[in-house]
Amino acid sequence: MAEEIFDIVDENGQPMGETVTRSQAHAEGIRHRTAHIWVVRENGDKTEVLLQKRAMNKDSFPGRYDTSSAGHIQAGDEPLESAVRELHSSISMTRR
């Protein structure tokens, strides 16, 4: 499987026209974009925020709780399409 490629972004999250591999971005702290989806629901008189527990084989923060659904935005992708893709992926993982 080919390594993921991300757009390098400025401090405002705007792509700068350069890309970086996932491993290089994480190793060197290079800015790149991620999509996070927060699922919030009303349950009677309470508001609940649904979280996911990260898999133990993740390279960062394994076994920790995270946003409802999240993932990297691939080079050239838009945030909304990435968020939708990640949400579909999270849903399909919970149905296994």
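How much space lies in the largest pocket? Let's find out with a few exercises.

This is a predicted model, in which local features need pLDDT of at least 70 and side-chain atom pairs count only at pLDDT 80 or more, while totals for chains, interfaces and linings use all residues. Residues are numbered from 1 along each chain as its sequence is written, and side-chain values use heavy atoms, with hydrogens and water left out.

**Exercise 1. Describe the largest pocket.**

Step 1: Begin with the volume. About 830 Å³ of space lies in the largest pocket. A pocket here is an open set of points on a 1 Å grid over the protein atoms alone, where a 1.4 Å probe fits, with protein on both sides within 12 Å along at least five of seven lines; lining residues have an atom within 4 Å of a point. Grid points are joined across faces, edges and corners, and the volume is the space filled by probe spheres set on the points.

Step 2: Turn to the lining. It holds 29 residues, and Gln-52, Arg-54, Lys-58, Ala-70 and Ser-90 lie nearest the centre of the pocket. Two or more lining residues come from each of helix 1 (22–28), strand 3 (34–37), strand 6 (52–53), strand 8 (69–72) and helix 2 (79–94). Helix 2 gives the most, with seven residues.

Step 3: Sort the lining by class. There are nine nonpolar, 13 polar and seven charged residues. In this scheme Ala, Val, Leu, Ile, Met, Phe, Trp, Tyr, Cys and Pro are nonpolar, Asp, Glu, Lys and Arg are charged, and the others, Gly among them, are polar.

**Exercise 2. Sketch the whole chain.**

Step 1: Count the elements. Helices (H or I, at least four residues) and strands (E, at least two) are DSSP runs, numbered from the N terminus.

Step 2: Along the principal axes, the C-alpha atoms fill a box of roughly 50 × 30 × 20 Å.

Step 3: The chain exposes about 7100 Å², and carbon and sulfur atoms supply 52% of it. These areas come from the Shrake-Rupley method with a 1.4 Å probe; for residues, only the protein chains shown count as cover. Of the 96 residues, 24% count as buried. Buried means under 20% relative accessible area, exposed over 50%, and partly exposed in between.

**Exercise 3. Is Asp-7 buried or exposed, and what does its side chain reach?**

Step 1: Find Asp-7 in strand 1 (residues 5–9).

Step 2: Check the cut-off. Asp-7 has a relative accessible area of 13%, so it is buried.

Step 3: Follow the side chain, which reaches the backbone nitrogen of Gly-76 at 2.9 Å.

Step 4: List some neighbours. Not counting residues up to four places away in sequence, Asp-7 touches residues including Pro-15, Glu-18, Arg-31 and Gly-76. Contact means heavy atoms within 4.5 Å.

**Exercise 4. Compare Arg-54 and Phe-61.**

Step 1: Arg-54 lies in the loop between strand 6 and strand 7, and Phe-61 is found in the loop between strand 6 and strand 7 (65–66).

Step 2: Check accessibility. Arg-54 is buried because its relative accessible area is 18%, whereas Phe-61, with 58%, is exposed.

Step 3: Examine Arg-54. Its side chain makes a polar contact (a pair of N or O atoms within 3.5 Å, one able to donate a hydrogen and the other to accept it; residues adjacent in sequence count only if both atoms are side-chain atoms) with the side chain of Asp-66, at 3.1 Å. Beyond its neighbours within four places in sequence, Arg-54 is in contact with Phe-61, among others.

Step 4: Examine the backbone of Phe-61. Most residues other than glycine have a negative phi. Phe-61 is not a glycine, yet its phi is positive, about 50°.

**Exercise 5. How far apart in space are Glu-18 and Arg-41, C-alpha to C-alpha?**

Step 1: Locate Glu-18 in strand 2 (residues 15–21). With a relative accessible area of 47%, Glu-18 is partly exposed.

Step 2: Read the distance. Glu-18 and Arg-41 are 23 residues apart in sequence and 39 Å apart in space.

Step 3: The C-alpha atoms of Glu-18 and Leu-51, 33 residues apart along the chain, are separated by 33 Å.

Key. Buried < 20%, exposed > 50% of the residue type's maximum accessible area, 1.4 Å probe, protein only.
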